[in-house]
Amino acid sequence: MTDDYRNEGPRRVGQVKEVTSLANPIIKDIKALSQKKSRDESRTFLAEGLKLVIDALDRGWIIRTLVYAKAGKGKPLVEKVAARTVAAGGLVLEVSEKVMSSITRRDNPQMVAAVFEQRWTPLKDIQPKGSETWIALDRVRDPGNLGTIIRTADAVGASGVILVGDCTDPFSMETVRATMGSMFALPLVKTTPADFLKWKKSVDARLVATHLAGAVDYRTIDYKSKPVILMMGNEQSGLPDELAEAADKLARIPQVGMADSLNLAVATGVMLFEVRRHLLALDGAK
Ligand code: SAM
């Protein structure tokens, strides 16, 4: 047993702070994470739920502050997460139900929430290969759409999500909630349209862009012989010409009925299951 390990017990107890006041400055800082400005400045974000926090820790995400409601005290999994947080240099707060509700903006909050460090992957580090699928989203605006797309991307085994142009923040509470934990599973990249186009030219991948004026039925495209970058357009205006023109294929999902278009997250789901159809089986990856 090392000295460090022997010290872990007393150190952990000493590091758990009890907080019952909403006026506590640490609580105020955590609540401020509902604002993008605070998330950007601190490069952190808030996520809720014990399972989600454990999964994130297992995947190497760093917790700055773990918050648990009094009801969680003594529960083995909560204690374990608290110990891991302290061991990694994080802070642990035990808070009243009132404080937990206020932090998470819920009447029936989860027992555990955590402030994580944000993680972005630089576009230059992405070299699509083999059967990889990358999703590029042009100016996605709706947090629920982005969260649903990240969750679906994870479910089909896509490699990551590239946010092109002025997109909604993937680290907002609404998006994080909608991802149901999947945001901890995938790299996120942000870039400008110009840098995306430059990068696209430098990689050996097929850019399949979806467009209401696409001439190609999405079920007829070859998704097997090269890695795929699936590009989806903005909710209101669709893909701008400069991005559509860079596509190797401009795909359309046939529709009947009165609706002009599909919801962005639904269209992305339909596309992803087709792009990766040959790789998916009921008992996991083929
Ligand atoms: N008014 C917008 C337009 O003219 O493109 C509608 C955008 S739609 C709500 C958002 C995105 O979902 C589109 O840019 C496209 O990427 C995708 N999409 C929706 N329905 C589609 C379809 N039937 N075929 C191909 N892509 C579709």
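Colleague: Why is Thr191 called buried?
Modeller: Its relative accessible area is 12%. Buried means under 20%. Thr191 therefore counts as buried. Keep in mind that this is a predicted model.

Colleague: Where does Thr191 lie, and what is it in contact with?
Modeller: Thr191 lies in strand β8. Leaving aside neighbours within four places in sequence, Thr191 is in contact with Leu123, Ile162, Leu163, Val164, Gly165 and Phe196. Contact here means heavy atoms within 4.5 Å.

Colleague: What makes Thr152 buried?
Modeller: The cut-off again: buried is under 20%. Thr152 has a relative accessible area of 18%, so it is buried. Thr152 sits in helix α7, residues 143–156. Not counting residues up to four places away in sequence, Thr152 touches Gly269, Leu272 and Phe273.

Colleague: Why is Ala185 called partly exposed?
Modeller: Buried is under 20%, exposed is over 50%, and partly exposed is in between. Ala185 has 28% relative accessibility, so it counts as partly exposed. Ala185 is found in the loop between α8 and β8.

Colleague: What does Ala185 touch?
Modeller: Ala185 touches Arg59 and Asp154, again not counting residues up to four places away in sequence. Ala185 and Asp154 are 31 residues apart in sequence. Their C-alpha atoms are 6.8 Å apart in space.

Colleague: Now the whole chain. How many residues does it have, and what share counts as buried?
Modeller: The chain has 286 residues, and 47% of them count as buried. The chain holds 11 helices and 14 strands. Its C-alpha atoms fill a box of roughly 65 × 45 × 35 Å along the principal axes.

Colleague: What share of the contacts joins residues at least 24 apart?
Modeller: Take contacts between residues at least 6 apart in sequence. Of these, 80% join residues at least 24 apart.

Colleague: Which domains is the chain divided into?
Modeller: Domain 1 covers 3–117, and domain 2 covers 123–285. The contact takes 15 residues from domain 1 and 11 residues from domain 2. The C-alpha centres of the two domains lie 33 Å apart.

Colleague: How do you know that the second largest pocket lies between the domains?
Modeller: Look at who lines it. Domain 1 and domain 2 both give residues to the lining, so the second largest pocket lies between them. The lining has 19 residues, and Glu48, Leu52, Arg177, Met180 and Gly181 lie nearest the centre. β2 (44–48), α4 (50–58) and α8 (173–179) each supply at least two lining residues.

Colleague: What is the volume of the second largest pocket, and how do its residues divide by class?
Modeller: The second largest pocket has about 310 Å³ of space. Its lining divides into eight nonpolar, four polar and seven charged residues.

Colleague: And what lines the largest pocket?
Modeller: The largest pocket is lined by 22 residues, and those nearest its centre are His211, Leu212, Gly238, Ser261 and Leu262. β12 (249–252) and α11 (264–275) each supply at least two of the lining residues. By class, the lining has nine nonpolar, 10 polar and three charged residues. The volume is about 500 Å³.

Colleague: Back to α4. Which of its residues are buried, and what do they pack against?
Modeller: Leu52, Val53, Ile54, Ala56 and Leu57 are buried in α4. The buried residues of α4 pack against β2, β3 (63–69), α5 (76–87) and β5 (112–117). After α4 comes Gly60, with a positive phi near 85°.

Colleague: Why do helix residues three or four places apart point the same way?
Modeller: An α-helix has 3.6 residues a turn, so residues three or four places apart point the same way.

Colleague: Which residues of α6 are buried?
Modeller: In α6, residues 97–104, the buried ones are Val99, Met100, Ser102, Ile103 and Thr104. Just after α6, Arg105 takes a positive phi of about 55°.

Colleague: Last one. What does UniProt place at residues 46–122?
Modeller: The unreviewed UniProt entry puts "domain: RNA 2-O ribose methyltransferase substrate binding" there. Over residues 46–122 the chain is 38% helix and 27% strand. The end C-alpha atoms of that stretch are 22 Å apart.

Conventions
Residues numbered from 1 in each chain as written. Predicted model: local features only at pLDDT ≥ 70, side-chain atom pairs only at ≥ 80, totals over all residues. Heavy atoms only, no water. Buried < 20%, exposed > 50% of the residue type's maximum accessible area, 1.4 Å probe, protein only. Helix = DSSP H or I, 4+ residues; strand = E, 2+ residues; numbered from the N terminus. UniProt positions renumbered as here; feature names shortened; annotations may be inferred. 1 Å grid on protein atoms, 1.4 Å probe; cavity = no way out; pocket = protein on both sides within 12 Å on 5 of 7 lines; lining within 4 Å. Points joined across faces, edges and corners; volume = space filled by probe spheres on them. Nonpolar A, V, L, I, M, F, W, Y, C, P; charged D, E, K, R; others polar. Domains from an automatic or database assignment.
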